[in-house]
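Hi,

Here is the structure I promised to pass on. Have a look at it first, and then read my notes below.

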Amino acid sequence: MTLSEGNIFEILFTWYGYGVNDYRIILADEQNVQQVVTVHRLKTTRETSVIDPNLTIRANVTNGGESASTGLNLFTSGRSFRVIGTFDPISRITSERRLSVSLSNSFTPTVSFRRKADFPPGTDRPNSVTVTIGGLDILSDTNLVFEIRLNPTLTGASFGTPINTTSSETALESDTSATGISGGELIYAGLGASGQGNRAALTDIEEIRLVLPVTQPVMLCARTVSGSGNARFVFRMIESW
């Protein structure tokens, strides 16, 4: 086996505190046929469940008795975590609203979300809840353009628990007080018409499957097509626990 060829190392965990954990290597034989080779099995009676997929990767390189000046290389390309079988998460939809936003022909922030650094509270565990965009509603007295941006710079933001939500029941914080915005990566944009309610179902944005980075906000902002006006906004996120 040549490690520099980028072999895949795989650990298969059992569940519910019993069974056998398999330590595997996925590589190709002389005929270039992919093989899954189990190199070790460990039978345990406790602690086989993976509580959180954010597990630390550690590696140990031994020089095999060679001199200290011998160069050693460790190749690491990435990692992934997946559930074998059907994954049916318990989800909640977290909403925030801003019911009076004065708009001009420059973009104004309305509602922003960001993940908490740690969740559940009091556990000191990195927040690994998968968060995706659930949709938005707009009521406006003027034609407008709206954008959803990732990680903008916000002026005057104050993040806290979303409205009518218990802090321990959500992995998110929201902001409705920001007064200015600059930068950020555009991930979705659309138009809203005046004089009627506009519900953006965002069926196509669900395909993006944006997973919010810890502490980096995702923000809904808007501007008028021309002139000034006033609008109301509701922004929703889906949390998969």
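**Salt bridges**

A search of the whole structure turns up 7 salt bridges, where a salt bridge is a side-chain nitrogen of Lys or Arg within 4 Å of a carboxyl oxygen of Asp or Glu. Before I go through some of them, please keep in mind that this is a predicted model, in which local features need pLDDT of at least 70 and side-chain atom pairs count only at pLDDT 80 or more, while totals for chains, interfaces and linings use all residues. Residues are numbered from 1 along each chain as its sequence is written, and side-chain values use heavy atoms, with hydrogens and water left out.

One of the salt bridges joins Arg24 to Glu10, with the closest N and O atoms 3.2 Å apart. Arg24 lies in strand 2 (residues 19-28) and Glu10 in strand 1 (residues 8-12), so this pair ties together parts that are 14 residues apart in sequence. Strands here, like helices, are DSSP runs numbered from the N terminus (strands are E, at least two residues; helices are H or I, at least four). Arg24 is partly exposed, at 21% relative accessible area. On that scale, buried means under 20% relative accessible area, exposed means over 50%, and partly exposed is in between (1.4 Å probe, protein chains only). Arg24 and Glu10 also belong to a network of salt bridges that links Glu10, Asp22, Arg24 and Arg41.

Another salt bridge is formed by Arg92 and Glu239, whose closest N and O atoms are 3.8 Å apart. It links distant parts of the chain: Arg92 is in strand 4 and Glu239 in strand 14 (residues 229-240), 147 residues apart. As for cover, Arg92 counts as partly exposed at 23% relative accessibility, whereas Glu239 is buried, with a relative accessible area of 0%.

Then there is Arg114, whose side chain meets that of Glu173 in a salt bridge (2.9 Å, N to O). Since Arg114 lies in strand 5 and Glu173 in strand 9, the pair ties together parts that are 59 residues apart in sequence. Arg114 is partly exposed too, at 25% relative accessibility.

**Strands and sheets**

Now for the overall layout. The protein has 0 helices and 14 strands. Of its 241 residues, 33% count as buried.

The angles run from 0 to 180 degrees between N-to-C directions, with axes taken as lines fitted to C-alpha atoms (for helices, over the stretch in contact). Inside this sheet, strand 5 (residues 108-115) and strand 13 (residues 218-224) run antiparallel and are joined by 5 bridges. For an example to look up, the bridge partner of Thr108 in strand 13 is Ala222.

Another open sheet is formed by 3 strands in the order 1-2-3, again with antiparallel pairing. Its edges are strand 1 and strand 3, each with a single partner strand, so one side of each is left without a neighbour in the sheet. The twist here averages 20 degrees from one strand to the next. Strand 2 and strand 3 run antiparallel and are joined by 10 bridges, and Val20 stands opposite Lys43 in strand 3.

**Aromatic rings**

The structure holds 2 aromatic pairs. In one of them, the rings of Phe113 and Phe235 have their centres 5.8 Å apart and their planes at 55 degrees, so the pair is tilted. The cut-offs are these: rings of Phe, Tyr and Trp (its six-membered ring) pair if their centres lie within 6.5 Å, and planes under 30 degrees apart count as stacked, over 60 as edge-to-face and the rest as tilted. Phe113 and Phe235 are both buried.

**On the surface**

Finally, Phe87 is exposed, with a relative accessible area of 56%. This residue is found in the loop between strand 3 (34-44) and strand 4 (91-103).

Enjoy looking around!

Notes. Pairing = 2+ DSSP bridges.
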